[in-house]
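Please examine the sequence and the structure below before reading on.

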There are 2 protein chains.
Amino acid sequence: MKEHNKMMYYFRKWATITEEDEARIRSAFEPISIKKKKDLLVKDQVCEYNYFIVKGCMRTFFIDKKGNEQIFQIRMDNNWIADLESFFSQKPSKYNIEALENSSLLRISYKNFEHLLADIPALEKYFRVLFQKAYVNTLNRLTATMWESAMDRYNEMLKENPEIFQRVPLIYIASFLGITPESLSRIRKQI
Amino acid sequence: MKEHNKMMYYFRKWATITEEDEARIRSAFEPISIKKKKDLLVKDQVCEYNYFIVKGCMRTFFIDKKGNEQIFQIRMDNNWIADLESFFSQKPSKYNIEALENSSLLRISYKNFEHLLADIPALEKYFRVLFQKAYVNTLNRLTATMWESAMDRYNEMLKENPEIFQRVPLIYIASFLGITPESLSRIRKQI
DNA sequence: TGAATTTCTTAACATACATCAATTTAATTT
DNA sequence: AAATTAAATTGATGTATGTTAAGAAATTCA
């Protein structure tokens, strides 16, 4: 059960978990692994699970009107990934989630998630704080996208998230920044 | 205490609140009113309160590099408003929050908020779900900003949020959409 | 109610980033 | 290691939206 250790560490960071809770939590999460380029979620499927990435890298994308894949989430070790809109509504997803590396994850089904949070109020607090932070981050990303240049966004990402550049191709990073690979290439040439 | 009724109604929608809890909650929120054009929060101040808008309209904005006010939140009746980044960190805010109408609000201080949630786990669930939804909404707004045209975003806002057009000047709506008033004017002419 | 201020519109021109097409470089597969 | 595929770069050109400036319309204030 060593896959669970890091996740438990993060739970404990923002919530008080008893020994008893810990056993209950561990048993609710199932370890899985996924190969590079395989799909964790496919458009029009219901997102049945919420995933904790133990080790690996995942992207969330959709196909836009012009037929291009557009990526808005890239997540690596010790982060959560899912289409929460589909997961919490249990309706078909608009997105695909794909592994960018061979990855190992922990997953919990929607039903188990709801039961677990009902049983362990400390986890409500953990996820309240998690979503609160995710919301604030996304608002910051939104204001940057609206009112900062692509070059400024690139530089900030390079500073705040250098590891992603070691592990993810630039074509994906370009999309994540909301620009084309050609534009990113030109930005990089200027620096 | 009729200001609190609508807020209690929303708490009850997603959380189970006892009579005893209700009294505790009501006493934690203080009613205030604010005149049009007055500030609820000023840049570099700590956002000391989280606010529930009983009736009225508020905007959150900052001054960009070129000296223009840029608005990323517009909230009306029965919604929450604060700079959550400042509120939860209790560090100075990057933003201003201003009343667009004479408004009545309920406010809760950071300390009281933390105590209240510790005392009433059902509220943890309420705010977990609230932030979860706010996060999903903001991600949808982000993808629209990155990969849809300003005209599409305008039309969607008109459809999803018609009331805002009755109550808020177009210069503010333009900024909220991430464009200039001139661009919005041209978009409207085309329709 | 008239003056002042704010909001909205229009036009000419500017610019950041996109698109299309071709080539080079790097990574993956057999 | 060769062949294939994917990623990255470069140049020429296009376009949505920004900028500047001015005036009209609407709202607020005295």
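**Basis of the report**

This is a predicted model, in which local features need pLDDT of at least 70, side-chain atom pairs count only at pLDDT 80 or more, and totals for chains, interfaces and linings use all residues. Residues are numbered from 1 along each chain as its sequence is written, chains are lettered from A and ligands numbered from 1 in the order in which they are written, and side-chain values use heavy atoms, with hydrogens and water left out.

**Relation of the two protein chains**

**The surface near DNA strand D**

A residue is near a strand if one of its heavy atoms lies within 4 Å of it. Around DNA strand D there are 19 residues, of which A:L170, A:I171, A:R186, A:K189 and B:S183 come nearest. They divide into six nonpolar, five polar and eight charged residues. In this classification, Ala, Val, Leu, Ile, Met, Phe, Trp, Tyr, Cys and Pro are nonpolar, Asp, Glu, Lys and Arg are charged, and the others, Gly among them, are polar.

Helix 8 (170-177) and helix 9 (181-190) of chain A, together with helix 9 (181-190) of chain B, each supply at least two residues of this surface. Helix 9 of chain A provides the largest share, five residues. Helices (H or I, at least four residues) and strands (E, at least two) are DSSP runs, numbered from the N terminus. Sugar or phosphate accounts for 64% of the atoms of DNA strand D within 4 Å of the protein, and bases account for the rest.

**The surface near DNA strand C**

At least two residues each come from helix 9 of chain A and from helix 8 (170-177) and helix 9 of chain B. Helix 9 of chain B gives the most, with five residues. Of the atoms of DNA strand C within 4 Å of the protein, 74% belong to sugar or phosphate and the rest to bases.

| Protein atom | DNA atom | Distance |
|---|---|---|
| A:S185, side-chain N or O | DNA strand D, sugar or linking oxygen | 3.1 Å |
| B:K66, polar side-chain atom | DNA strand D, phosphate oxygen | 3.1 Å |
| B:T180, backbone N or O | DNA strand D, phosphate oxygen | 3.2 Å |
| A:T180, polar side-chain atom | DNA strand C, phosphate oxygen | 3.2 Å |
| B:S185, side-chain N or O | DNA strand C, sugar or linking oxygen | 3.2 Å |
| B:R186, side-chain N or O | DNA strand C, base nitrogen | 3.3 Å |

**Helix 5 of chain B**

Helix 5 (residues 121-147) of chain B has 27 residues and spans 39 Å from its first C-alpha to its last, close to the 39 Å expected at 1.5 Å a residue. The expected span is 1.5 Å times one less than the number of residues. Helix 5 of chain B is largely enclosed by the rest of the structure, because 21 of its 27 residues are buried. Buried means under 20% relative accessible area, exposed over 50%, and partly exposed in between (1.4 Å probe, protein chains only).

**Individual residues**

A:N96 lies in strand 7 (residues 96-99) of chain A and is buried, with a relative accessible area of 15%. A polar atom of the A:N96 side chain lies 3.2 Å from the backbone nitrogen of A:K43. Not counting residues up to four places away in sequence, A:N96 touches A:D39, A:L41, A:V42, A:K43, A:R59, A:T60 and A:F61.

A:D64 is placed in the loop between strand 4 (57-63) and strand 5 (69-76) of chain A. A:D64 is buried at 14% relative accessible area, and a polar contact of 2.9 Å joins its side chain to that of A:Q70.

Most residues other than glycine have a negative phi. A:D44, in the loop between strand 2 (39-41) and strand 3 (49-55) of chain A, has a positive phi near 80 degrees and counts as exposed at 54% relative accessibility. B:Q90 has a positive phi of about 55 degrees; B:Q90 is in the loop between helix 3 (84-89) and strand 7 (96-99) of chain B and is partly exposed, with a relative accessible area of 32%.

Key
A polar contact is a pair of N or O atoms within 3.5 Å; within protein, one must be able to donate a hydrogen and the other to accept it, and residues adjacent in sequence count only if both atoms are side-chain atoms. Contact means heavy atoms within 4.5 Å.
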